[in-house]
Amino acid sequence: MDSGIGLLAAAAALRELRPDADLVLSSDPDGMPWGPRTPADVARHALDVARAAAAHRPDALIIACNTASVHALDAIRAELEPEIPVIGTVPAIKPAAAAASGGPVAIWATPATTGSAYQRRLIRDFADGAEVAEIPCPGMADAVEYADERAIAATVAAAAALTPPDVRQLVLGCTHYELIADRIRAALGDPEGLAFHCSARPTVAQAVRRAGAAAGARRGGGTLLVLRSGRVEELPPAALAYDEGRLLTGALSAAG
């Protein structure tokens, strides 16, 4: 679940790890964007999206959204667990700080996540002593959501201009940003040794472990069900602008 197509990164990673898994993708196009909403409002929308997914009795629910994980993880877990394991998305600050060895780390995130008590706590717990630059990226998730190339270029350039030039460890603290990692790298000048730290793959690995423990690792048929504000629909056309969306629909293999 996510506010929008930011869930594609986790869904594609899950499809690669477990091609047999039946996937339910639940998002909230009617309520987007979540970033500017109050924490209580984010939690309310995220609960609705989680309930739509939970109605299909999944073996696990991945909150593939940093903002929702910050503001709604506890509420969603309180409602759905232990029947449905709930796995939140945590910005990969810990591995980034470890790789930096005290050097500079940058975190690109939505304005709602940047400077939040949640992110500051992660920095304090896992990056103490490191030089951390928190980079707010207003409008970037929306630009990715609608595959607006001009807006993507503008928001990426703005965030790149705020990023210290000596940064070699970059945390992508919004799942939408993982879909444009190549453009972010190019905007930063593709410096030697630049490492991206993303959340999709480790989050999916944890979900598979928990789902296996909860459901005996039952196998499915590799189906895909898309819920948009609770309605059964197709993935939006913008999803096919990204490799992850094309992989999920089979368009990537067909093109290849």
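Visitor: Leaving aside neighbours within four places in sequence, which residues is Y177 in contact with?

Guide: Y177 is in contact with W108, A109, T110, C137, M140, A141, L172 and I184, where contact means heavy atoms within 4.5 Å. This is a predicted model, in which local features need pLDDT of at least 70 and side-chain atom pairs count only at pLDDT 80 or more, while totals for chains, interfaces and linings use all residues. Residues are numbered from 1 along each chain as its sequence is written, and side-chain values use heavy atoms, with hydrogens and water left out.

Visitor: How many residues has the largest nonpolar core?

Guide: It has 48 residues, and W108, Y177 and I184 have the most contacts inside it. A nonpolar core is a set of buried Ala, Val, Leu, Ile, Met, Phe, Trp, Tyr and Cys residues joined through side-chain atoms within 4.5 Å. Buried means under 20% relative accessible area (1.4 Å probe, protein chains only).

Visitor: Which helix gives the largest share of this core?

Guide: Helix α1, residues 8–17, with six residues. Helices are DSSP runs (H or I, at least four residues), numbered from the N terminus. Eight of the ten residues in α1 are buried, including L8, L14 and R15.

Visitor: New topic. At what angle do α4 and α5 pack?

Guide: About 40°, with the axes 9 Å apart. Axes are lines fitted to C-alpha atoms over the stretch in contact, and angles run from 0 to 180 degrees between N-to-C directions.

Visitor: Which residues meet there?

Guide: I93, K94 and A97 in α4 meet Q119, L122, I123 and F126 in α5.

Definitions and conventions: Buried < 20%, exposed > 50% of the residue type's maximum accessible area, 1.4 Å probe, protein only. Helix = DSSP H or I, 4+ residues; strand = E, 2+ residues; numbered from the N terminus.
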